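Here are some exercises to work through with the model open. Try each task before you read its solution.

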Amino acid sequence: YDILQSTDLYGRDLVAIPEALADNGRATNKSGRLNAEYQNQVGAHFINWTNAYIAINRANIILKNLPASSAPQATKDAIEGQCLFLRGLLYFDLMRTYAYTPKAIVPAQNLGGVPLLLEGVTGLDQVTLPPRAGIDDCYKQIAADLTKSIEKLTNNDTRFVRPFFASKAAAQALLSRVYLYTGNWADVVRLSTDALAGGVGVFQTTPAAYVSAWRAASHPESMFELSFQANENIGVNLSLQTTYTTLRTLGLRTATAGFGDLVPTNDLLSELGITRTGDVVTRGNDARALLYELGTAGRGPAEIETTKFLGKSGQVNQDNVPVIRISEMYLNRAEANYELGNFADALADVNRIRTRVGLAALESTVTGTALLTEILRQRRLELAFEGHRFFDLKRRGLDLVKQPRSITFSDFVILARIPTGQISLNPNLKQNFGY
């Protein structure tokens with residue numbers, strides 16, 4: 001799990017960059033960080049390739065040697081299930097970043113998925129140089145890993161504390177997300193339902209509980225959460241707190257901590273019902289707006305900032321990172337039921353998300369395109385600044401409509417550039433189109 005804390009992975013980039021690349025986040029240029037990503041400049045994208053493959057290799061080494069271990073079979077099963085979960089997550093993130101998804105492809109620019117390395121390497125003599133596997137082959141491998149992970153994770157070993165270690169429910173939740181990307185709608189419904197019944201994470205049912213959940217050291221809705229210990233503080237330059245806000249303490253605009261490199265766009269603020277007149281911030285009925293407030297002027301002009309990450313237990317720049325929250329399961333299931341034509345079921349789930357933040361339930365007459373629009377809107381508002389927005393637009397083949405310029409789905413910058421060093425080392429590896 002340790003390498004997931006890298007800023008290239010869930011320490012920052014996989015959470016913040018999807019907001020900068022899409023239409024949720026606006027770079028303030030207070031430090032210069034994330035400005036190029038916000039502008040969608042060529043080459044300004046994710047750089048998770050190297051650390052993802054390091055982590056995959058570690059998982060592969062454990063999986064290779066686990067059968068020879070003298071540990072009890074139940075322990076071996078628990079470890080195998082976690083390694084398969086992590087390998088599935090890492091390959092899924094590589095695919096989201098460097099390849100198209102099965103339901104949204106630009107054929108003329110499609111060069112496949114990523115290399116599938118499934119054997120642990122401990123010496124240079126074991127290194128292989130495989131080409132990129134096909135998109136479908138990669139997603140089949142991800143699904144196979146997570147399916148086997150579900151079988152192995154019985155949640156009986158109390159040493160692996162949830163939500164900080166992979167669990168059966170977390171694997172079901174992640175696989176529901178994977179199938180949302182591949183368009184396996186019936187499987188999304190099944191796995192989201194199973195995950196919701198898994199006993200990991202508690203859905204917050206009232207506006208007050210929803211807001212307070214973001215003030216807890218560990219988010220009560222987390223199905224899988226990356227834990228940061230006291231000696232693992234990322235610091236004032238690259239942590240999620242400093243990336244998103246200048247505030248040290250809620251409501252205290254005289255004490256500056258971070259830079260507030262990425263703040264909500266005007267469009268997102270409008271969708272949340274937030275307006276600003278001078279230093280006065282006005283909100284509507286949506287309780288999620290309470291997670292956005294005016295920052296300090298310590299790094300430059302004050303901006304409305306998100307406070308989802310504000311230093312757990314009072315430790316500045318140190319937050320656990322919810323990778324999968326239970327609210328996502330309702331949104332996954334709503335979208336899948338919409339695609340299956342089960343409008344009533346889809347509406348019921350989207351209304352769960354709406355009513356618990358103080359919004360009125362939609363009438364049963366809301367169906368068809370209007371229903372899909374609302375599902376995607378609630379997904380945007382619910383998961384804002386948690387690392388979903390760019391990937392949600394990309395998987396549906398939608399353009400990035402934003403300032404300072406919009407990016408069409410066919411623009412090659414939708415995909416990240418494979419590290420040039422990897423291209424040089426591996427003659428079988430093809431760079432993405434346009435780079």
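**Exercise 1.** Find the volume of the largest cavity and sort its lining.

*Solution.* Start with the size: the largest cavity has a volume of about 70 Å³. A cavity here is a set of points on a 1 Å grid over the protein atoms alone where a 1.4 Å probe fits but cannot get out, and lining residues have an atom within 4 Å of a point. The volume is the space filled by probe spheres set on the points, which are joined across faces, edges and corners. Next, pick out the lining, which includes Gly11, Phe228, Asp319 and Val321. Now sort it: 4 nonpolar, 5 polar and 1 charged. (Ala, Val, Leu, Ile, Met, Phe, Trp, Tyr, Cys and Pro count as nonpolar, Asp, Glu, Lys and Arg as charged, and the others, Gly among them, as polar.)

A quick word on the ground rules: this is a predicted model, where local features need pLDDT of at least 70 and side-chain atom pairs count only at pLDDT 80 or more, while totals for chains, interfaces and linings use all residues. Residues are numbered from 1 along each chain as its sequence is written, and side-chain values use heavy atoms, with hydrogens and water left out.

**Exercise 2.** Which elements each supply at least two residues of the lining of the second largest cavity?

*Solution.* First, that cavity holds about 60 Å³ of space. Helix 1 (13-21) and strand 8 (321-325) are the elements you want; helices (H or I, at least four residues) and strands (E, at least two) are DSSP runs, numbered from the N terminus. Finally, the lining splits into 5 nonpolar, 2 polar and 3 charged residues.

Methods:
On a 1 Å grid over the protein atoms alone, a cavity is a set of points where a 1.4 Å probe fits but cannot get out, and a pocket is an open set with protein on both sides within 12 Å along at least five of seven lines; lining residues have an atom within 4 Å of a point.
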